[in-house]
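The entries follow in the order in which I checked them.

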Amino acid sequence: MTLTKGSFRTFASYSAGVFLFTFFLIAPLSMENNRSTWISVYSMVFFIFTVIFLYQQMRKIGEFESNHSESKVTPFKGLIYGVIGFLPYLILEILYFIIYPQLGVGTTAGIMHAVFRCSFGPMYFIIRFLGYTWYSYLISSIIIPVVAFLGYAAGFSGIQLKKVRIFRGRKDLEDFLND
């Protein structure tokens with residue numbers, strides 16, 4: 001798989017989480033009491049879904065490339081996919097912190113602020129928990145490339161997370177009823 005395709009998968013996985021977060025944001029915004037808390041909980045739920053989706057995508061890529069690549073492939077290629085795939089969001093973050101303070105109050109500032117907040121929406125709970133500091137944004141920006149690396153490395157190494165079984169399988173249930 002080319003660097004462009006792998007990076008695009010990272011970008012698309014996170015962007016899907018951002019899109020769904022933004023699309024369904026009206027529910028926590030409509031809460032009258034503790035709106036900020038509800039948005040944080042909502043953010044955490046979408047963060048979990050986004051991370052699981054990204055991890056699975058990158059695991060599949062790592063598994064495929066370890067089995068089908070003629071060139072030398074290392075597990076760190078997942079980190080490269082993650083950084084390049086998350087680069088548009090990193091650029092947006094840098095531009096936001098450079099341009100936004102100079103804009104003052106107005107429509108352009110409002111639109112830029114809304115785009116920035118939605119693009120980091122799945123990680124809002126981390127940013128809020130760490131107090132809106134520079135390191136909260138840094139940690140949030142590192143998470144997606146690290147998840148991409150871990151997923152790719154797991155697929156590359158053939159590691160699979162064990163599936164949690166909440167319900168018994170049909171055979172187990174039938175054995176229980178026959179005893």
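Entry one. In this predicted model I looked for grouped rings, and I found that F8, F11, Y14, F86, Y89, Y96, F97, F116, F120 and Y137 form one aromatic cluster.

Entry two. I then asked how many aromatic pairs the structure holds, and the count came to 23. Among them I noted F76 and F149, which are stacked, with 5.2 Å from centre to centre and 15° between the planes. F76 sits in the loop between helix 3 (35-68) and helix 4, whereas F149 belongs to helix 7 (residues 134-157), so this pair ties together parts that are 73 residues apart in sequence. I also checked the cover of F76, and at a relative accessible area of 53% this residue is exposed, because the cut-off for that class is over 50%.

F97 lies in helix 4 and F116 in helix 5 (residues 107-119), so the contact ties together parts 19 residues apart in sequence. Are the two partners buried or exposed? F116 counts as buried at 2% relative accessibility, while F97 is partly exposed at 41%.

Turning to the surface, I recorded a nonpolar patch formed by L87, I91, I94, L95, I98, I99 and L103, which together have about 570 Å² of accessible area. L87, one of its members, lies in helix 4 (residues 77-103) and is partly exposed, with a relative accessible area of 38%.

Terms used
Residues are numbered from 1 along each chain as its sequence is written. This is a predicted model: local features need pLDDT of at least 70, side-chain atom pairs count only at pLDDT 80 or more; totals for chains, interfaces and linings use all residues. Side-chain values use heavy atoms; hydrogens and water are left out. Patches are made of residues with over 30% relative accessible area and no salt bridge: like charges are joined within 9 Å, nonpolar side chains (Val, Leu, Ile, Met, Phe, Trp, Tyr) within 5 Å. Accessible areas come from the Shrake-Rupley method with a 1.4 Å probe; for residues, only the protein chains shown count as cover. A salt bridge is a side-chain nitrogen of Lys or Arg within 4 Å of a carboxyl oxygen of Asp or Glu. Helices (H or I, at least four residues) and strands (E, at least two) are DSSP runs, numbered from the N terminus. Buried means under 20% relative accessible area, exposed over 50%, partly exposed in between (1.4 Å probe, protein chains only). Rings of Phe, Tyr and Trp (its six-membered ring) pair if their centres lie within 6.5 Å; planes under 30 degrees apart count as stacked, over 60 as edge-to-face and the rest as tilted.
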